[in-house]
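Hi there,

Here is the structure we talked about handing over to you. Please open it alongside this email, and then read on for the salt bridges.

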Amino acid sequence: MCAHVLVAEDDAMQAELIRRSLIAEGHTATVVHDGSAALDAVRRDRPDLVVLDLMLPVIDGFGVCRVLRRDDDLPVLMLTARAAEDDVLLGLELGADDYMTKPYSPRELMARIRTVLRRSGRAGADRRDERVVRAAGLAVDPERHEVRCEGEPVECTPAEFQILLAMAAEPERVFSRRQLLQCTRGFDRSSTERAVDVHIMNLRRKIEADPRRPARLLTVFGVGYKLSGGRA
């Protein structure tokens with residue numbers, strides 16, 4: 001079961017932890033840090049599920065949930081430090097499908113997400129093609145573990161695949177070497193950040209017309225790398 005999950009969390013460290021956990025589970029993720037951006041991302045990306053922090057700036061999680069329930073049946077898992085019974089009940093009355101309080105176990109959060117997706121039917125074999133991540137002429141299929149570039153198959157190592165999946169899910173986002181290294185955990189346990197440069201070099205050989213003048217996998221000097229080209 002693979003899905004696209006919107007993470008609306010104003011704490012950058014928490015959001016990154018959730019994003020990495022989702023990627024490790026084979027999902028894709030978009031991260032936003034306020035309620036207005038969350039609503040924009042829902043309309044733009046049509047995710048399968050929203051992990052929604054209650055204490056968001058601009059529009060809080062309750063307000064976001066109200067709008068989602070007015071316009072859509074999108075599954076919502078609320079994630080918050082507010083554990084008061086009234087808050088839990090209000091969240092559920094607004095239509096949240098599940099509710100977790102901080103601190104939480106990432107493993108439990110992933111298990112809850114799997115349960116909500118299964119109940120909702122938002123992700124599964126009949127929606128596999130919708131889970132293929134497309135950007136910059138690439139199609140990255142998390143379920144089949146396949147990559148195509150302009151329709152042609154591309155052979156990738158597991159670490160290369162995870163890097164491409166993360167970057168294709170958020171085209172134009174600049175990833176640091178450390179962030180990309182986190183994507184390869186479980187495949188390259190002994191790697192250092194410099195190993196990311198090698199993965200990028202190898203990927204350029206596979207997906208660039210001219211690896212010496214890359215048009216897709218771009219270097220952002222002093223920061224890291226980004227996949228340029230936008231979503232297909």
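The structure holds 17 salt bridges, where a salt bridge means a side-chain nitrogen of Lys or Arg within 4 Å of a carboxyl oxygen of Asp or Glu. Side chains of opposite charge can pair when their charged atoms come close.

Before the details, a word on the source: this is a predicted model, in which local features need pLDDT of at least 70 and side-chain atom pairs count only at pLDDT 80 or more, while totals for chains, interfaces and linings use all residues. Residues are numbered from 1 along each chain as its sequence is written, and side-chain values use heavy atoms, leaving out hydrogens and water.

One of the salt bridges joins E9 and K102, with their closest N and O atoms 2.9 Å apart. E9 sits in the loop between β1 (4-8) and α1 (12-24) and K102 in the loop between β5 (98-101) and α5 (106-120), so this pair ties together parts that are 93 residues apart in sequence. (Helices are DSSP runs of H or I with at least four residues, strands are runs of E with at least two, and both are numbered from the N terminus.)

E9 is buried at 1% relative accessibility, whereas K102 is partly exposed at 24%. Here buried means under 20% relative accessible area, exposed over 50%, and partly exposed in between, using a 1.4 Å probe and protein chains only.

In helix α2 (residues 35-45), D40 and R43 are 3 residues apart, or about one helical turn. Their side chains meet in a salt bridge at 3.4 Å, N to O.

Happy exploring!
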